[in-house]
Amino acid sequence: FSPDGQTLASGSSDGTVILWDVASGALLGQPLVGHTEEVLEVAFSPDGEILASASNDQTIRLWDVASGQPLSYLLTGHTLGAKTVAFSPDGQTLASGSDDSDILLWDVTTGQPRGRPLTGHAAPVMSVAFSPDGQILASASDDQTLRLWDLSFESWQARACRRANRNLTQSEWDQFIGSTIPYRLTCPDLLPGTS
């Protein structure tokens, strides 16, 4: 369901996504076409303007709900089928889980990955969900475990400072924090990192 409860989105084994008017049961526009295999999950952004779809074709697509058109980029990075997607409460990050056992975090604005994959599950990731403040991500896997992932920048910043005992280099920042967030000194009381 969309956040306002007026639209329902469904994914299908034919690779399409359909938007439905909840009140009338009528189809809203044409099916959203682009995936080449079954669509396993769909999720609306918190503002209801974007719909994400996860497919067995290893991709995640973002759709403009008003126009029914795909956004200009395709989210690729999973090596097996994408099973699940969830938006952060602020709508800026999308989490995806896959048959490859990894979780990827995506910048919704750019379509670029945020940092490295979250690894630790030993089987497909079947579901992901953000905490209300967006600081924790929960994941459920066919390995019969649930995991909680600390996504708080401040927490990771403190951990990195303790471990490295210096600031990150530019390349480390790009690798672990992501190139979409401008570089800055993460440990003000420590020496700068060197390239």
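Mentor: Happy to! Keep in mind that this is a predicted model. The part to look at is an open sheet of three strands, which follow the order 7-8-9 with antiparallel pairing. Strand 7 (82-87) and strand 9 (103-107) lie at the edges, and each of them pairs on one side only. Going from one strand to the next, the twist averages 25°.

Now zoom in on one pairing in that sheet. Strand 8, made of residues 93-98, runs antiparallel to strand 9, and five bridges join the two. To find your place there, look for Ser-96, which stands opposite Leu-104 in strand 9.

With the sheet in view, let us turn to the surface. Gln-144 sits in the loop that links strand 11 (136-141) and strand 12 (146-150). Its relative accessible area is 78%, and because the cut-off for exposed is over 50%, Gln-144 counts as exposed. If you want a distance to check, take the C-alpha atoms of Gln-144 and Ala-123: they are 8.6 Å apart in space, while the two residues are 21 apart in sequence.

Another surface site involves Phe-1, in the segment before strand 1 (7-11). Phe-1 is exposed too, at a relative accessible area of 64%. Together with Leu-8 and Val-22, Phe-1 forms a nonpolar patch on the surface, and the three have about 280 Å² of accessible area together.

Key. Residues numbered from 1 in each chain as written. Predicted model: local features only at pLDDT ≥ 70, side-chain atom pairs only at ≥ 80, totals over all residues. Heavy atoms only, no water. Helix = DSSP H or I, 4+ residues; strand = E, 2+ residues; numbered from the N terminus. Buried < 20%, exposed > 50% of the residue type's maximum accessible area, 1.4 Å probe, protein only. Patch = residues over 30% accessible without salt bridge, like charges linked within 9 Å, V, L, I, M, F, W, Y side chains within 5 Å. Areas by Shrake-Rupley, 256 points an atom, 1.4 Å probe, with all protein chains shown as cover. Salt bridge = Lys/Arg side-chain N within 4 Å of Asp/Glu carboxyl O. Pairing = 2+ DSSP bridges. Axes fitted to C-alpha atoms, helices over the stretch in contact; angles between N-to-C directions.
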